[in-house]
Amino acid sequence: MKLIFAIVNNDDSHSVQSALTKKGFQATKLASSGGFLMAGNTTFMICSEDEKVDEILEVIKNHSHKRKQLVHNPSVSSYGANTNFPVEVTVGGATVFVTNIERFEKV
């Protein structure tokens, strides 16, 4: 058994959840936020047999899209003045961790 943690952008969470459900996979959703942009994410926890992991990862990959976004980067100039330059960053996609499960029970 494996436990999959999939962290996806909130914009993609509904699509990921719907696709997982259509394929017959159950997932627990947790609200989370990233440390870099402090933006909202959804973390899915999915327990699966080893042979289903690749299918689950494919669903997540197909429904988690990367996109460009402008964020403001506050900085201090050499004169001590605060400036606010927009910086383009890539957001979205998914960060996925797959771990071994020693024991799994539904009670």
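Predicted model: local features only at pLDDT ≥ 70, side-chain atom pairs only at ≥ 80, totals over all residues.
Local features were kept at pLDDT of at least 70 and side-chain atom pairs only at pLDDT 80 or more, while totals for chains, interfaces and linings use all residues. Residues are numbered from 1 along each chain as its sequence is written, and side-chain values use heavy atoms, leaving out hydrogens and water.

**View 1. An open sheet of four strands.** The order is E2-E3-E1-E6, with antiparallel pairing; strands here are DSSP runs of E with at least two residues, and helices are runs of H or I with at least four, numbered from the N terminus. Two strands pair if DSSP finds at least two bridges between them. Because E2 and strand E6 (94–100) each have a single partner strand, they stand at the edges and one side of each is left without a neighbour in the sheet. From one strand to the next, the twist averages 20° (angles run from 0 to 180 degrees between N-to-C directions, and axes are lines fitted to C-alpha atoms, for helices over the stretch in contact).

**View 2. Phe-5 and its cross-strand partners.** Strand E1 (residues 2–9) is joined to E3 by eight bridges and to E6 by seven. Look for Phe-5: its bridge partner in E3 is Met-45, and in E6 it stands opposite Phe-97. Further along the sheet, strand E2 (residues 28–33) pairs with E3 over six bridges, with Lys-29 partnered by Phe-44 of E3.

**View 3. Two helices on the sheet.** H1 touches E1, E2 and E3, and its direction makes about 20° with that of E3; contact means heavy atoms within 4.5 Å. H2 lies across E1, E3 and E6, at about 5° to E1.

**View 4. Where H1 meets H2.** The axes of helix H1 (residues 10–22) and helix H2 (residues 53–63) come within 9 Å and cross at roughly 145°. Asp-12, Ser-15, Val-16, Ala-19 and Leu-20 of H1 make the contact with Ile-56, Val-59, Ile-60 and His-63 of H2.

**View 5. The second largest pocket.** This pocket holds about 310 Å³ of space, and 15 residues line it; the closest to its centre are Gln-26, Ile-46, Cys-47, Phe-104 and Lys-106. Strand E3 (residues 40–48) gives the largest share of the lining, four residues. On a 1 Å grid over the protein atoms alone, a pocket is an open set of points where a 1.4 Å probe fits, with protein on both sides within 12 Å along at least five of seven lines; lining residues have an atom within 4 Å of a point. The volume is the space filled by probe spheres set on the points, which are joined across faces, edges and corners.
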